[in-house]
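Please have the sequence and the 3D view open while reading.

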Amino acid sequence: MSATTNPSGGRPYLAIPGPSVIPDAVLQAMHRPSPNIYAGELLDLTASLVPDLKALAGTRHSVAIYIANGHGAWEAALSNTLQPGDRILVPASGRFALGWAEMAEALGVEIEILDFGTAAAWDMARISDRLAADKSHEIKAVLGVHVDTSSSIRNDVAGLRDVLDALQHPALLMADCIASLGCDRFEMDAWGVDVMVTASQKGLMTPAGISFVFFNDRAAAARARQPRVSRYWDWNERANPEVFYQYFGGTAPTHHLYGLRAALDLIHGEGLETVWARHARLAQAVWAACEAWGEIEDPQQGLRLNVADRDLRSHAVTALHLPSPMASALRAWLEENLGLTLGIGLGLAPPDSPEWHGHFRLGHMGHVNGQMIMGLLGGIETGLQALKIPHGAGALATAAKVLAEQVPTQR
Ligand SMILES: *Cc1c(COP(=O)(O)O)cnc(C)c1O
């Protein structure tokens with residue numbers, strides 16, 4: 001039997017932290033014959049995406065659209081701003097920060113990682129000390145992952161800008177918002193972010209395959225100083241509608257553009273503040289259930305949230321520990337018996353180690369509502385019972401209480 005067996009029938013539920021659940025409106029918008037890419041509707045549609053993307057990012061500056069996943073946006077951001085031999089600082093709270101740093105290293109950039117482990121946010125004092133010691137301003141950029149999807153830590157991007165400003169350090173502030181955009185509050189211009197990367201398949205609810213690099217004037221000035229930028233990643237033309245929407249550096253990602261149009265309509269129709277509040281409310285229900293499950297005589301034997309401090313938890317993804325191999329057993333049981341797929345653990349243990357089977361993640365990003373979250377939690381409760389995994393009582397009632405007490409702002 002394949003891993004996607006769903007013997008109970010009904011709609012399966014992919015609750016992994018990306019790709020996220022695709023709304024029917026997005027699927028329907030994509031279900032069409034190929035349009036003409038040289039004239040007509042598609043050009044207007046593409047132009048219409050830009051103001052809505054900028055509103056989502058909280059910027060009045062520029063956005064370049066790439067036919068790539070998040071890794072492509074990572075490379076694009078680096079390719080436009082850095083040269084081999086440049087130095088960057090990367091404060092890390094998980095696997096994705098390390099991955100972005102490794103990509104920079106492969107481009108010949110000198111990387112310096114401040115590793116805060118897999119369950120802690122950035123230590124601003126340590127970042128400040130390192131930047132203060134950089135008197136000659138050799139550090140050209142600071143790369144920060146807003147929500148590290150492996151650990152589910154949410155970092156203080158605006159606080160990092162404050163550190164740079166207090167030292168009058170000119171390094172670019174570059175943020176990865178691939179997991180957080182459209183889920184956790186993010187305001188590019190207000191927070192002083194110079195470059196931001198994101199992708200389509202998480203909070204943006206569209207299939208993987210297009211990604212975005214937002215950049216301000218300081219970043220554009222850095223781009224202008226580069227002796228060369230590889231043609232495909234050069235954001236100058238990609239951010240210029242006259243040149244780009246017509247030619248897209250090749251064939252336009254036609255169906256993704258239609259899908260994204262529908263997704264942005266959903267987000268802005270609901271209202272960004274309401275979208276953020278919904279994610280916060282649903283995340284609190286998830287945490288409440290997980291904390292209740294963890295209340296057993298010997299907490300070491302049970303479920304534990306990776307991030308202890310609520311203020312540091314993402315509203316889009318939750319990383320959890322369950323003694324090995326119970327996390328993997330639970331994931332397998334839920335997928336086979338309930339059609340419910342949870343995310344694998346990432347970066348919390350080496351893939352070949354026995355500990356690898358002691359972590360998993362829940363995605364609650366994008367197209368999710370209260371009944372889906374109660375279904376997700378009800379599924380986990382069922383799996384814990386079926387596999388006789390020690391767990392505290394009352395988790396579902398606690399989660400329901402969280403949702404019941406917080407009256408939704410929209411009907
Ligand atoms: C998913 C993710 C990535 C990688 O995106 P891909 O589209 O898989 O390349 C990078 N950073 C973060 C924070 C992510 O959540």
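Two strands count as paired if DSSP finds at least two bridges between them. The model is predicted. By that criterion, β12 pairs with strand β14 (residues 359-363): five bridges join the two, and they run antiparallel.

**Burial of β12**
- Buried here means under 20% relative accessible area.
- Five of the five residues of β12 (residues 317-321) are buried, so the strand is largely enclosed by the rest of the structure.
- Val317, Ala319 and His321 point one way from β12, while Thr318 and Leu320 point the other way; all are buried.

**The seven-stranded sheet**
- An open sheet is formed by seven strands in the order β2-β10-β9-β8-β5-β3-β4, with mixed pairing.
- Its edge strands, β2 (62-66) and β4 (110-115), each pair on one side only.
- From one strand to the next, the twist averages 20 degrees.
- Six bridges link strand β3 (residues 87-92) to β4 in the parallel sense.
- Isoleucine 113 in β4 is the bridge partner of valine 90.

**Helix packing on the sheet**
- Helix α3 (residues 70-81) packs on this sheet and touches β2, β5 (139-145), β8 (172-176), β9 (195-199) and β10 (211-215).
- The direction of α3 makes about 160 degrees with that of β9.

Key: Residues are numbered from 1 along each chain as its sequence is written. This is a predicted model: local features need pLDDT of at least 70, side-chain atom pairs count only at pLDDT 80 or more; totals for chains, interfaces and linings use all residues. Side-chain values use heavy atoms; hydrogens and water are left out. Buried means under 20% relative accessible area, exposed over 50%, partly exposed in between (1.4 Å probe, protein chains only). Helices (H or I, at least four residues) and strands (E, at least two) are DSSP runs, numbered from the N terminus. Axes are lines fitted to C-alpha atoms, for helices over the stretch in contact, and angles run from 0 to 180 degrees between N-to-C directions. Contact means heavy atoms within 4.5 Å.
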